[in-house]
Amino acid sequence: MGISKTITYSEQEIRLAKYVKALAHPARISILNLLLQKKACVCGDIVDELPLSQSTVSQHLKELKEVGLIKGDIEGASVCYCINPVVWNEIGEQLGIFFDKMNEQDSTCC
């Protein structure tokens with residue numbers, strides 16, 4: 001998105017859009033579910049658990065890490081990934097506020 005287009009949106013709207021974009025792929029949702037289930041996971045374990053190639057898993061992990069949803073620590077030749085609780089909670093809060101706006105309106109539409 002060009003700079004001229006982002007000027008009309010708040011920082012919160014831009015940040016939430018980035019998070020939602022990162023969540024908008026079923027493979028990434030599956031990876032996040034796996035990390036939530038296991039609390040931490042080595043990349044090779046993710047490849048073993050999901051029907052995805054190593055390169056595909058790595059690309060999705062990169063996308064999730066770029067927006068801060070996950071974090072990773074290098075352990076020898078492996079990288080151990082886990083959910084970033086600070087960003088995870090921020091997303092939950094922002095989405096909650098966003099969806100709660102519907103409850104504040106009258107339901108007179110269609």
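Trainee: In which helix is lysine 65 found?

Mentor: Lysine 65 sits in helix α5. Helices are DSSP runs of H or I with at least four residues, strands are runs of E with at least two, and both are numbered from the N terminus. This is a predicted model, where local features need pLDDT of at least 70, side-chain atom pairs count only at pLDDT 80 or more, and totals for chains, interfaces and linings use all residues. Residues are numbered from 1 along each chain as its sequence is written, and side-chain values use heavy atoms, with hydrogens and water left out.

Trainee: Why does lysine 65 count as partly exposed?

Mentor: Buried means under 20% relative accessible area, exposed means over 50%, and partly exposed is in between (1.4 Å probe, protein chains only). Lysine 65 has 38% relative accessibility, so it counts as partly exposed.

Trainee: What does lysine 65 touch?

Mentor: Leaving out residues up to four places away in sequence, lysine 65 touches Ile70, Gly72 and Tyr81. Contact here means heavy atoms within 4.5 Å.

Trainee: Why is cysteine 80 called buried?

Mentor: Its relative accessibility is 16%, so cysteine 80 counts as buried. Cysteine 82, at 17%, counts as buried too.

Trainee: Which residues of α3 are buried?

Mentor: They are Ala27, Arg28, Ile31, Leu32, Leu34 and Leu35. These cover an arc of only 160° around the axis, which puts them on the same side of α3; the arc is that of the directions from the helix axis to the C-beta atoms. The face turned away carries exposed Pro26 and Gln37.

Trainee: What makes a nonpolar core?

Mentor: It is a set of buried Ala, Val, Leu, Ile, Met, Phe, Trp, Tyr and Cys residues joined through side-chain atoms within 4.5 Å. The largest has 20 residues, and those with the most contacts inside it include Ile31, Leu35 and Leu61. Helix α3 gives the most to this core, with four residues.
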